[in-house]
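Please look over the sequence and the model shown here before reading the notes on them.

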Amino acid sequence: MTHDGGPKEAQERSPSLSIVEGNGADTPARADHPDAHRPIELHKQTAHKLEVIRRYDPVFGAIMAQGDWHGQQVHIFLVDTHGGGGQHLSIERGWTYGSPAWACFSARDIQRRHSNVQVHVRAIESDPAAAHLLRLTVQRHIEAKGTDHVDVRVIDGDYRDHLAEVMDEVRRNRAACRVLVDPHGIDIPLWTLAPLLKPAWGLEVIINFDASGALRVAHQLLKKGGLAESSDFDDLLLANAAHQSALGEMFGGSSWRAAVRKGMTWHDALESIARADAELFAPYFAHRNVYRLRSSDNQVRYLVHLARHPLGVTKFREAFGAASREGLLATRFLDGPGRSAVAASFHALYRGTETTIERLHEEHGHRYDKRALRGICEASDQDLYGVFDPKTDTISWFPKRRKPTQTTLFGHLDLE
Ligand SMILES: C[S@@+](CC[C@H](N)C(=O)[O-])C[C@H]1O[C@@H](n2cnc3c(N)ncnc32)[C@H](O)[C@@H]1O
């Protein structure tokens, strides 16, 4: 059976949307996930992607919070169709966060800065163990009070069954929304993204597009049909149902063929197929751009950024540029790993006590100014060395560094 994509077909194929939040069904959830065992430093494109998201979400929030809202509350949704386990193993930091967890930090920062904004984080995850781990990771944001409290929901299941419901919630709230579509491979049939194609104010979509994966499948297909002569690709497609389902469904047809022309270099073909993917959304998003992530393990991925407003395009490009520079300057002070390293050494000095930025400045002012110290305190909070209160510029250092799963005082004491 083939699918030509499009909202109508998606509606017909969409299963019941009545149950949005499950509990992992019968499978007992374990707090485990492959990302928690694979160091992020060895997976450059994942680190690059996360750095872009970490930088762009607060800017997206700021863009949406601007404007004359006449005192009305503004709602912003940060949505992950492929939530992951919330944590990635890190050689430099022990562990670091996945995209929905960074979205929670961004949500908190946006709410702290803009009192008229409420941010909602939604993450759909089909692996019950990963969903369980993600829940534990984001729990601190749910438990937090005031502007630090974030409305987070981890939704168990396949995004195909839940995306329409989430987007309905976005529309009901007349909210702006950033959606990250982040699969491992190329299993994102176009029809499954149909809920993103309905009119919506302030919607931006980021697709982590596996260009080398798509291209390998395209080349296999072309080779099988006789690369030079084959002109009737439809026969070829029909002869190979497995590949048809991967590539044909992702493109909702055969537009990928025009992107992969004979004689193209591998490099040009990667860019071309990524652009072809972006162009699928031409009628729905005025601005479609592709950004090549740093590659790892022979895998080349692009972030496909779909936006309706030129400001989003400019700001996303800036975030991507800054994230790319950050990796190159990984050993310089004040990048992410640098802040984390100083946070670890401060924790060794101050654990179990409370310190103000003022005091840290007295003791370390020869090396770090107050702005840098604030960044270090924020990194200490994110890396669970303590709790930083930006209102009083004070940090309470934990006696022992916590793990992301130790979210409550009782959990912490149990593990001591
Ligand atoms: C690349 S990881 C996501 C990583 C996460 N976005 C991050 O940056 O930390 C892909 C995740 O999608 C989940 N997944 C795969 N197919 C899915 C589907 N159809 N619906 C929801 N989640 C899915 C996998 O279990 C895996 O945890």
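This is a predicted model: local features need pLDDT of at least 70, side-chain atom pairs count only at pLDDT 80 or more; totals for chains, interfaces and linings use all residues.

Residues are numbered from 1 along each chain as its sequence is written.

**Nonpolar cores**

- A residue is called buried if 20 or more other C-beta atoms lie within 10 Å of its own, exposed if 12 or fewer, and partly exposed in between, with C-beta atoms placed from the backbone.
- A nonpolar core is a set of buried Ala, Val, Leu, Ile, Met, Phe, Trp, Tyr and Cys residues joined through C-beta atoms within 7 Å.
- The largest nonpolar core has 93 residues, and within it Ile76 and Ile273 touch the most other members.
- Beyond its neighbours within four places in sequence, Ile273 is in contact (C-beta atoms, placed from the backbone, within 7 Å) with Ala211, Ala214, Leu215, Ala218, Trp256, Ala259 and Val260.
- Another core, of 13 residues, lies apart from it and includes Leu360, Cys377, Ala379 and Tyr385.
- In soluble globular proteins, nonpolar side chains tend to be buried together.

- Helices (H or I, at least four residues) and strands (E, at least two) are DSSP runs, numbered from the N terminus, and two strands pair if DSSP finds at least two bridges between them.
- Strand β4, residues 117–125, is mostly covered, since 9 of its 9 residues are buried.
- Val117, Val119, Val121, Ala123 and Glu125 point one way from β4, whereas Gln118, His120, Arg122 and Ile124 point the other way, and all are buried.
- Strand β1 (residues 74–80) pairs with β4 in the parallel sense over 7 bridges, and Val74 stands opposite Val117 in β4.
- Strand β5 (residues 151–156) runs parallel to β4 and is joined to it by 6 bridges, with Ala123 opposite Val154 in β5.

- Helix α5 has 14 residues and reaches 19 Å from its first C-alpha to its last, close to the 20 Å expected at 1.5 Å a residue, the expected span being 1.5 Å times one less than the number of residues.
- The buried residues of α5, among them Tyr159, Leu163 and Val170, pack against β1, β4, β5 and β6.
- Helix α12 (residues 336–350) has 15 residues and reaches 21 Å, close to the 21 Å expected, and its buried residues include Arg339, Val342, Phe346 and His347.

**Positive phi angles**

- Most residues other than glycine have a negative phi, and most peptide bonds are trans.
- Arg174, in the loop between α5 (159–172) and β6 (176–181), has a positive phi of about 45 degrees although it is not a glycine, and Arg174 is exposed, with 12 other C-beta atoms within 10 Å.
- Asp393, in the loop between β11 (386–389) and β12 (394–397), has a positive phi near 55 degrees, and Asp393 is partly exposed, with 18 other C-beta atoms within 10 Å.
- Gly352, which follows α12, has a positive phi near 85 degrees.

Notes
Two residues are in contact if their C-beta atoms, placed from the backbone, lie within 7 Å.
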